[in-house]
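Thanks for coming, everyone. Let me put the structure up, and then we'll walk through it piece by piece.

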Amino acid sequence: MDRRKVLQQTGLLAGASILMPSMVSLFQSCETVNRSDWKPLFFNVEESHTISTLLDMILPRTETLGALDVKADIFIDKVFAETYDKTRQENIRAEITAFNANCKKKLGTIFIGLSEADRNKVLQEAEATSEKFNPGVWGTSVGKQKTIGFYRSIKSMAIWAYFTSEEIGEKVLNYDPNPGSYEPCKPLSEVDNRSSL
Amino acid sequence: MANFNIDAKKNMVYDAIVIGSGISGGWAAKELCEKGLKTLVLERGRIVEHLVDYPTMNLDPWDMELRGGLTPDEKDKHYKNIRSGWVGKNTEHFWADDAANPYTEKKPFLWLRGHQMGGKSLLWGKQTYRWSDLDFEANAKDGNGVDWPIRYKDIEPWYTYVEKFAGISGEALNLPQLPDSHFLPPMELNCVEKHVKGRIEKEFLGRNMTIGRVAHLTQPHNGRGQCQYRNRCNRGCPFGAYFSSNAVTLPPANATGNLTIRPYSIVQSLIYDEAKKKVTGVRIIDSETNEAIEYFSKIVFVNASALSTTQILMNSKSNRFENGLGNDSGELGHNLMDHTYRVGAMGKVDGFDDKYYKGRRPNGIYIPRYVNIDEKSKSDKFVRGFGFQGGGFRGGNPANIESFGADYKDSILKPGPWEFFITGFAECLPYHDNQISLNNDVLDKWGQPTLTIDAEFKVNEKALNKQIQEDAIEMLQKVGLKDIIGFDNEHPPGYGVHEMGTARMGRDPKTSVLNGFNQVHTAKNVFVTDGACMTSSSCVNPSLTYMAITARAANHAVSELKKLNI
């Protein structure tokens, strides 16, 4: 299927908002931008839907909010627009294009046009084959870091955007801005989720 | 807190001038003011008043528009600093403007600067350790560099003096190579660190692991609050729980009524009077108006941070001192040192999955030096030694887990696996050819010559680093960690942010710049007590020694003034 046909079928060329299963009737009261009014600062239509779809697959809504519920995609668009210089912007754009070109070559169409099963296959393959982050110490990674590819970079950004959103950071994770003391060996059962700060 | 007196217009003449208000400058100001000297502190940057000027101290990530991210313009402004990995929106305002203050790296060197009242005392690591005679005798024993003009007994009372005021928490170990401070109660090790400590001390005779000794209060002290375990120190602490000039030394200096602090004052040079054979004042440039102004005083403390201090001395040329003030020896600008950085090992820890911790402790573990401390521990591969910092925490990078979707998402809301790391800090020898020089081809925003830095780690430091990594891996293996990664990021000097040397103390004016009381040999009313004065680098963090050496020099200065010797 060619790119144009996919965009037509998914309603993108008409400017209508694409509705993924968990994107229906999103809870949107927390931030100023309503998803229906979102005009990406950096992404074009195809790019934004590629990223939104990826994020929704990596961190879907469960009993807790998902990545799209906390507008992680809208935030990532802003990060690319406002913190990346031209070179990095061109690079990330080229990576999204290459990701879609690869989907098309192997499975016949760009990512958002694929069936759910095929999209899962794409992510499973990316998980199995892509490089991983070295651990970090005090702000820098240790050892020689291999280049992290598009998929795991986006996954990492998605987690960052998700964990640092107010909804997750304050209400889902263990939010303790002023602990007051250090308790060095606490039963995990008394703490539950990871610390958000 | 009372506002600071920043009006330096009424009075051009003072008893003392202190250049810089960081860790050592703040101490100099406090000691001199408390001893009754009318003191002018010249600060290159703006006033940063405790609490008032900590705009990010309570911000959560979502309170910042880009959650801590910097725009390309902000990154350009900090194009050097940013290599450290520490510069974000939460601290950006405390890091110097690299674009306005360029320097040239003949060899790679990261020069981190904090151009504001308090300097890098707002940003430092707070690790505070006494040096020992192992350090003060090292040059004399192995013949590298020149002998220190002081020994531990000379500085010991001054360690005690500054510790009691600053508040240092830690555990006494009674080790000769790492003397104990006057400690507030230590912070606690978490359960993984306790486990690792037990194994290391059992498997390796002579090695100890302890909680970091730090300038963080673990109980209220001198009117300051104790650490609340937020680990947001670098934004400025609302409780004044860590040592900074802003929270600790400058307020009491101000309370004496003897302090004037003039912001936006770039010291261009010291004024040397050929007839009186001493320095009579300083020339400054107001960084906002570009106005050139002269201030006069009986004594001058130069505490601009190691390299900036030496830059000022080098720029202070006169008929008597054609190559920079006090530079008869030709050693001014030479013997630059820093600790090696980011060499060690990391691994995963099994068996503590049901344990976590509450609070974010701004501290880790410390493994004191254990090589070349006596005949038994002597290495045939290198001289001097290293210590380790590190820690255990629940980390893991959820992006690395080969999974996605509903179960994955729910799983990463839980704490990740326990990890433990140690990273070494090795001593760097004083090499004459590790040096800085004035660069008249690259000028700063105010038309002043900048610095060219030409320094590198050499064979001995590389041998130390090799040993650090081997030992780190071996220790973590013996402890039983999994997935151990050894690392050496091969950072050039500067990353340790322990710049030392370039105006060293020594016994002989022919081979050193300063005497045993930090006076310029040939201009005895000038004192240098920041990193520039250091004769060797030890392997332990130097800031506590700067504090002690400064208080000692200030005491000497006032005593010499009273005797009319200077």
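Start in chain A, where α2(A) passes α3(A) in a right-handed crossing. Keep in mind throughout that this is a predicted model.

Where are these helices? Helix α2 of chain A covers residues 45-58, and helix α3 of chain A covers residues 72-83. Their axes come within 9 Å and cross at roughly 130°. An angle counts as roughly perpendicular from 65 to 115 degrees and as roughly antiparallel over 145. So α2(A) and α3(A) are oblique to each other.

Which residues meet here? From α2(A), they are A:S48, A:I51, A:S52 and A:L55. Facing them in α3(A) are A:A72, A:D73, A:I76 and A:D77. By class, this contact of α2(A) with α3(A) has four nonpolar, two polar and two charged residues.

Now stay with α3(A) and look at its other partner on my list. Helix α6 of chain A, residues 150-163, packs with α3(A) at an angle of about 110°. The two axes are 9 Å apart. That makes α3(A) and α6(A) roughly perpendicular to each other. This crossing, of α3(A) past α6(A), is right-handed.

What does α3(A) bring to α6(A)? It brings A:A72, A:F75 and A:I76. On the α6(A) side are A:M157, A:A158, A:A161 and A:Y162. The contact of α3(A) with α6(A) has seven nonpolar residues, no polar and no charged ones. Note A:A72 and A:I76: both are in the contact with α2(A), and both are in the contact with α6(A).

Step back to chain A as a whole. It holds seven helices and three strands. From the N terminus, the elements run α-α-α-α-α-β-β-α-α-β. Of its 197 residues, 32% are buried. Take the contacts in chain A between residues at least 6 apart in sequence: 50% of them join residues at least 24 apart.

Next, the interface. How many residues of chain A touch chain B? There are 47, in contact with 51 residues of chain B. On the chain A side, α2, α3, α5 (116-129), α6, α7 (166-171) and β3 (183-187) each supply at least two residues. The most come from β3(A), with five residues. By class, that side of chain A divides into 23 nonpolar, 13 polar and eleven charged residues.

Three bridges join β3(A) to strand β12 of chain B, residues 355-358. These two strands run antiparallel. One bridge to find on screen: A:K186 has B:Y356 in β12(B) as its partner.

On to chain B and its open sheet. Six strands form it, in the order β6-β13-β14-β15-β11-β18, with antiparallel pairing. At the edges are β6 (210-211) and β18 (482-488) of chain B, and each pairs on one side only. Inside that order, strand β11 (residues 343-349) of chain B runs antiparallel to strand β15 (residues 418-426) of chain B, and six bridges join them. In one of these, B:G347 is paired with B:F420 of β15(B).

Which helices lie across these strands? One is helix α6 of chain B, residues 191-203. It lies across β11, β13 (365-367), β14 (386-394) and β15 of chain B, at about 140° to β14(B). Another is helix α10 of chain B, residues 459-479. That helix lies across β11, β14, β15 and β18 of chain B, at about 10° to β11(B).

Now a helix inside chain B. Helix α8 of chain B spans residues 306-315. Nine of its ten residues are buried, so α8(B) is largely enclosed by the rest of the structure. The buried ones run from B:A306, B:L307, B:S308, B:T309 and B:T310 to B:Q311, B:I312, B:L313 and B:M314. What covers them? The cover includes β1 (13-19), β8 (265-273), β10 (292-302), β16 (435-443), β17 (449-454) and β20 (523-528) of chain B.

Last stop: B:N3, in the segment before β1 of chain B. Is B:N3 buried or exposed? B:N3 has 9, so B:N3 is exposed. Its C-alpha atom is separated by 8.2 Å from that of B:E49, although B:N3 and B:E49 are 46 residues apart along the chain.

Definitions and conventions
Residues are numbered from 1 along each chain as its sequence is written. Chains are lettered from A and ligands numbered from 1 in the order in which they are written. This is a predicted model: local features need pLDDT of at least 70, side-chain atom pairs count only at pLDDT 80 or more; totals for chains, interfaces and linings use all residues. Axes are lines fitted to C-alpha atoms, for helices over the stretch in contact, and angles run from 0 to 180 degrees between N-to-C directions. Helices (H or I, at least four residues) and strands (E, at least two) are DSSP runs, numbered from the N terminus. Angles under 35 degrees count as roughly parallel, over 145 as roughly antiparallel, 65 to 115 as roughly perpendicular and the rest as oblique. A crossing is left-handed if the near helix is turned anticlockwise from the far one by less than a right angle, and right-handed if clockwise. Two residues are in contact if their C-beta atoms, placed from the backbone, lie within 7 Å. Ala, Val, Leu, Ile, Met, Phe, Trp, Tyr, Cys and Pro count as nonpolar, Asp, Glu, Lys and Arg as charged, and the others, Gly among them, as polar. Two strands pair if DSSP finds at least two bridges between them. A residue is buried if 20 or more other C-beta atoms lie within 10 Å of its own, exposed if 12 or fewer, and partly exposed in between; C-beta atoms are placed from the backbone.
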